[in-house]
Amino acid sequence: MRHVTQWLRSTHSLVPNKTKCSRSVCEAFGLWGLHIIPTQTWTTIRSVRWTPRGLGSGKLNVDGASQGNPGPSGGGGILRDSTGCILFAFSNFYNIRTNTEAEAMAIRDGLLLCEEQNITNIVLEFDSKVLVDMLRADSCPHWRLKNIWADIMRCRGRITTITH
């Protein structure tokens with residue numbers, strides 16, 4: 001338990017009086033001696049779950065983020081087959097990047113893994129509206145994405161659907 005407490009304190013994500021969490025989460029941390037004052041409560045509960053696609057297709061969910069813009073960034077993803085079985089998952093640190101770069105790099109890395117394993121009929125899902133629009137238009141106006149974009153376009157034929 002001491003190691004968990006040390007880790008939680010070292011992540012700087014749990015700073016008393018600045019952390020937003022529900023009352024039950026704050027109470028749970030209080031059992032470990034971490035006293036956090038909730039600044040926000042949530043009243044709605046929303047179920048989030050993976051939804052399968054048609055037979056013979058895989059669904060690749062990816063996300064990328066940076067702390068600051070630009071800042072330390074990373075991304076990852078998971079590919080499931082039509083029955084929900086995990087075919088692969090990945091995560092990477094991308095050094096100092098923008099949010100859009102991190103998201104694009106996660107897309108690229110997921111698609112390159114699909115290419116490596118000869119997986120086609122991919123339903124690609126991610127949360128960057130900017131990149132969704134760019135992929136649907138097959139156009140990249142951002143100079144910082146030039147090399148990443150070239151890899152994504154090389155794998156573009158494997159994607160059957162892009163969802164946001």
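Which residue in β2 does V62 stand opposite?

Mentor: V62 stands opposite G77 in β2. A word on the source comes before the rest. This is a predicted model: local features need pLDDT of at least 70, side-chain atom pairs count only at pLDDT 80 or more, and totals for chains, interfaces and linings use all residues. Residues are numbered from 1 along each chain as its sequence is written, and side-chain values use heavy atoms, with hydrogens and water left out.

Now to the strands. Strands (E, at least two residues) are DSSP runs, numbered from the N terminus, as are helices (H or I, at least four residues). Two strands pair if DSSP finds at least two bridges between them. Strand β1 covers residues 58-66, and strand β2 covers residues 71-80. β1 and β2 pair in the antiparallel sense, over 8 bridges. Together β1 and β2 form a hairpin, with 4 residues between them. In that turn sits G68, with a positive phi of about 100°.

Next, follow β2 onward. Strand β3 spans residues 86-97. β2 and β3 run antiparallel, joined by 10 bridges.
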